[in-house]
Amino acid sequence: MPFNQAIFSTSALDGATIVSITGEIDIGNKEQLELALHKGIAQAPRTLVANLLDVTYADSTCIHALHHAQRTAERMNKSMMLVIKKDGGLQRILQMAGLFQFFSICHSLDDTFDGKTDGKPTSE
């Protein structure tokens, strides 16, 4: 995969829309990320799952896009869950930014459907 590239794919499972992202996310593909997340929210019957397990790099634009998508999902009476590596870079970034508790966070796709979350969304 060339530098600064990401692959976005969408699937459905158990009443959720899953947006899976592979590669690096930064300002160069921020618009693609936002579009994928917002399309996922629109398609999701109840829940959008952002599968970020294969993201190798993310900067603040990724965090901003995720935060914005979370707020959009809430306005549409839907939920959003993040699937990230336990103790990985995204988890550390979310914790440093004070946003870890804002998201429902799981560490595997199986956990999203078993209700095993680390973060618990709080209203801001």
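Let's start in the loop between β1 (6-13) and β2 (16-25), where Asp 14 sits. This is a predicted model, by the way, so everything I mention is computed from it.

Now hop along to another aspartate, Asp 87. You'll find Asp 87 in the loop between β4 (79-83) and α3 (89-96). Here, too, phi is positive in a residue that isn't glycine, this time near 60°. Asp 87 has a relative accessible area of 51%, so with exposed meaning over 50%, Asp 87 is exposed.

The largest nonpolar core has 29 residues, and the ones touching the most other members are Leu 37, Leu 52, Met 80, Leu 82 and Leu 94. Who supplies this core? At least two residues come from each of β2, α1 (30-43), β3 (47-58), α2 (60-75), β4 and α3. The biggest giver is α2, with six residues. As general background, nonpolar side chains in soluble globular proteins tend to be buried together.

Leaving aside residues up to four places away in sequence, Leu 37 touches Leu 48, Ala 50, Ala 65, Leu 66, Ala 69 and Met 80. Met 80 is itself among the core residues that touch the most other members.

Methods
Residues numbered from 1 in each chain as written. Predicted model: local features only at pLDDT ≥ 70, side-chain atom pairs only at ≥ 80, totals over all residues. Heavy atoms only, no water. Helix = DSSP H or I, 4+ residues; strand = E, 2+ residues; numbered from the N terminus. Buried < 20%, exposed > 50% of the residue type's maximum accessible area, 1.4 Å probe, protein only. Core = buried A, V, L, I, M, F, W, Y, C linked by side-chain atoms within 4.5 Å. Contact = heavy atoms within 4.5 Å.
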